[in-house]
Amino acid sequence: MQHTVHKPAGTRPIAIEVDGEPQGVVVPAPEGFRFLAVRFNAFGIDGQTFATVEAAQLAASRALGQVAAQ
């Protein structure tokens with residue numbers, strides 16, 4: 001007998017990469033998307049919640065010094 005686990009749609013982590021290197025993932029949260037760091041350089045934004053995946057991507061780039069803050 002095979003058991004199937006059904007997860008609600010949209011609950012999978014989304015990888016956040018900077019220069020092709022994974023820095024963390026975002027997971028859907030009631031407030032937006034919560035960032036979970038997987039690399040030391042991204043720990044500055046670990047646990048923060050962002051309104052969009054794109055905002056999390058930008059924050060990760062800034063955390064690594066890839067994009068100047070505006």
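Biologist: Which pattern does the chain follow when read along the sequence?

Modeller: This is a predicted model. The chain holds one helix and four strands. Read along the sequence, these elements give the pattern β-β-β-β-α.

Biologist: How many bridges join β2 to β3, and in which sense do the two strands run?

Modeller: A hairpin of two residues leads from β2 to β3. The strands run antiparallel, and the bridges between them number six.

Biologist: What is the bridge partner of Ala15 in β2?

Modeller: Strands β1 and β2 pair in the antiparallel sense, over five bridges. Within this pairing, the residue of β2 that partners Ala15 is Val25.

Biologist: Which residue of β4 stands opposite Phe33?

Modeller: β3 and β4 also pair in the antiparallel sense, here over two bridges. The residue in β4 that stands opposite Phe33 is Phe50.

Biologist: Which residue takes a positive phi in the hairpin of β1 and β2?

Modeller: Most residues other than glycine have a negative phi. The hairpin of β1 and β2 has two residues between its strands. The residue with a positive phi, near 55°, is not a glycine; in this hairpin it is Asp19.

Biologist: Is Asp19 buried or exposed?

Modeller: Asp19 is found in the loop between β1 and β2. Its relative accessibility is 63%, and a residue counts as exposed over 50%. Asp19 is therefore exposed.

Biologist: Which elements do the buried residues of α1 pack against?

Modeller: Helix α1 spans residues 53–63, and its buried residues are Val53, Ala56, Ala59, Ala60 and Ser61. In an α-helix, residues three or four places apart point the same way. The buried residues of α1 pack against β1, β2, β3 and β4.

Biologist: Which residues does Ala42 contact, leaving aside its neighbours within four places in sequence?

Modeller: Ala42 is one of the residues of the largest nonpolar core. Leaving aside neighbours within four places in sequence, the residues in contact with Ala42 are Gln23, Phe35, Ala37 and Leu64.

Biologist: Is Gln23 buried or exposed?

Modeller: Gln23 lies in strand β2. Beyond four places in sequence, its contacts include Ile16, Val18, Phe35, Ala42 and Leu64. With a relative accessible area of 4%, against a limit of under 20% for buried residues, Gln23 is buried.

Biologist: How far apart in space are Leu64 and Gly44, C-alpha to C-alpha?

Modeller: Leu64 is placed in the segment after α1, and its relative accessible area of 22% makes it partly exposed. Not counting residues up to four places away in sequence, Leu64 touches Val18, Gln23, Asn41 and Ala42. Leu64 and Gly44 are 20 residues apart in sequence, and their C-alpha separation is 9.4 Å.

Biologist: Which two residues meet in a salt bridge?

Modeller: Side chains of opposite charge can pair when their charged atoms come close. A search of the whole structure finds one salt bridge. One partner is in the loop between β3 and β4 and the other is in strand β2, 18 residues apart. The distance from N to O is 3.3 Å, and the residues are Arg39 and Glu21.

Biologist: What is the relative accessible area of Glu21?

Modeller: Arg39, at 35% relative accessibility, counts as partly exposed. Glu21 is partly exposed, with a relative accessible area of 39%.

Biologist: What percentage of the 70 residues in the chain do buried residues make up?

Modeller: The chain exposes about 5,100 Å², of which carbon and sulfur atoms supply 54%. Of the 70 residues in the chain, buried residues make up 23%.

Technical notes:
Residues numbered from 1 in each chain as written. Predicted model: local features only at pLDDT ≥ 70, side-chain atom pairs only at ≥ 80, totals over all residues. Heavy atoms only, no water. Salt bridge = Lys/Arg side-chain N within 4 Å of Asp/Glu carboxyl O. Buried < 20%, exposed > 50% of the residue type's maximum accessible area, 1.4 Å probe, protein only. Contact = heavy atoms within 4.5 Å. Areas by Shrake-Rupley, 256 points an atom, 1.4 Å probe, with all protein chains shown as cover. Core = buried A, V, L, I, M, F, W, Y, C linked by side-chain atoms within 4.5 Å. Pairing = 2+ DSSP bridges.
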